[in-house]
Amino acid sequence: MNILLTSAGRRTYLVEYFREALEMAGLSGLIHAANSEMSPALLSADRQVITPLIYEEEYIPFLLDYCRKWEIDLLIPLFDIDLPVISQNKSLFAGQGTVAVTASPAAIDICNDKWKTFQTLTERGIQTPKSWLALEDAIRAIGEGEASYPLILKPRWGMGSLSVYQADQEEELRVLEKKIRREIQKSYLRYEAEQDKQACVIIQEKICGREFGMDVVNDLKGCYRTAVVKEKINMRAGETDGAKTLEAPLMTRLGKTLSGLLAHCGNLDVDILESGGQYYILEMNARFGGGYPFSHAAGIHLPYALVMWASGREPEARYLQARVGVKAQKDIRILVY
């Protein structure tokens with residue numbers, strides 16, 4: 001079985017996890033890593049490939065040709081803006097024997113578009129921070145007592161901590177909204193913002209409290225298998241640097257609800273805030289997130305499960321059960337080439 005990780009970036013650990021998964025499943029094969037420029041994960045993979053940029057017309061034809069040439073069985077996209085492009089062409093990959101592990105385009109849209117995340121969760125009675133697209137609507141909500149400063153501003157289609165700011169009063173709110181618009185146009189987020197240039201910034205109430213991450217695991221048919229909850233200990237540039245797994249029945253049930261709502265394949269990475277005994281979903285990513293290694297350290301082996309499902313087998317139950325109370329920290333290493 002051959003596996004291709006696209007937009008692999010710095011996720012060397014996923015290369016290692018999938019290589020281990022093949023060995024555990026008793027399968028031979030190679031781990032391929034793709035990126036638009038040289039990256040650490042490429043150096044760790046068995047084969048490396050530099051692709052066209054995601055939004056270039058040649059991107060999908062290039063990947064289809066590569067998957068056909070190297071007989072790729074599993075295609076794992078790892079970047080938010082990569083997900084919808086590959087998902088929309090999932091049937092083309094399937095037609096030549098490659099399983100693309102993605103959610104549906106509609107589910108990915110809900111996750112990638114923070115406004116649709118807010119609308120979808122609110123409609124279903126799931127707690128999430130109050131949000132506004134129009135600057136004046138947020139200011140009006142403040143004036144009418146429906147919200148209060150500070151407010152958080154961020155790109156509507158964004159990830160990590162890119163262009164995320166806090167406004168403590170109206171003057172800052174107006175200045176920062178313009179600043180984010182400028183920054184979007186200077187980054188790769190401008191491609192996503194093309195969907196609605198006039199409403200490319202989202203404003204949200206700030207929820208203060210404990211921060212959690214949750215991995216919601218579905219099989220390749222989009223059926224719920226498990227959820228792992230972790231309390232975040234350290235954060236760096238919007239990504240979890242340290243975490244501890246814990247037993248949290250309320251959040252786990254919430255994960256099962258999200259699984260049924262999105263019917264994604266593989267992992268759903270969820271950011272949760274707890275305040276006053278209430279759990280608020282902040283963001284969702286329909287992919288392996290930066291917090292997955294902490295689930296892995298606690299005994300979950302999703303790469304192995306994906307390999308087993310793709311080969312028509314069922315993984316042993318223990319690889320879908322996380323141990324509680326496992327603390328872990330990310331480390332830094334240097335790859336020389």
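In this predicted model, strand 13 (residues 266-275) pairs with strand 14 in the antiparallel sense, with seven bridges between them. Along that pairing, valine 270 sits opposite methionine 284 of strand 14. The two strands belong to an open sheet of six, ordered 14-13-10-11-12-15 and paired antiparallel. Strand 14 (278-285) and strand 15 (327-329) take the edges with a single partner strand each, so one side of each has no neighbour in the sheet. From one strand to the next, the twist averages 30°. Helix 11 (residues 249-262) lies across strand 10 (210-218), strand 11 (224-236), strand 13 and strand 14, and runs at about 45° to strand 10.

Now for the aromatic rings. Searching the whole structure turns up ten aromatic pairs. One of them joins tyrosine 13 and tyrosine 17, with ring centres 5.8 Å apart and planes at 50°, so it counts as tilted. Both tyrosines come from helix 1 (residues 12-24), four residues apart, or about one turn of the helix, and both are buried. Ring pairs also tie Tyr13 and Tyr17 into a cluster with Phe18, Phe288 and Tyr292.

Phenylalanine 79 and tyrosine 188 make an edge-to-face pair, at 5.5 Å centre to centre and 65° between the planes. This pair links distant parts of the chain, 109 residues apart: phenylalanine 79 is in the loop between strand 4 (72-77) and helix 4 (82-87), and tyrosine 188 in the loop between helix 9 (170-185) and helix 10 (189-193). Phenylalanine 79 is partly exposed, at 22% relative accessible area; tyrosine 188 is partly exposed too, at 31%.

Key
Residues numbered from 1 in each chain as written. Predicted model: local features only at pLDDT ≥ 70, side-chain atom pairs only at ≥ 80, totals over all residues. Heavy atoms only, no water. Pairing = 2+ DSSP bridges. Axes fitted to C-alpha atoms, helices over the stretch in contact; angles between N-to-C directions. Contact = heavy atoms within 4.5 Å. Phe/Tyr/Trp six-rings, centres within 6.5 Å; stacked < 30°, edge-to-face > 60°. Buried < 20%, exposed > 50% of the residue type's maximum accessible area, 1.4 Å probe, protein only.
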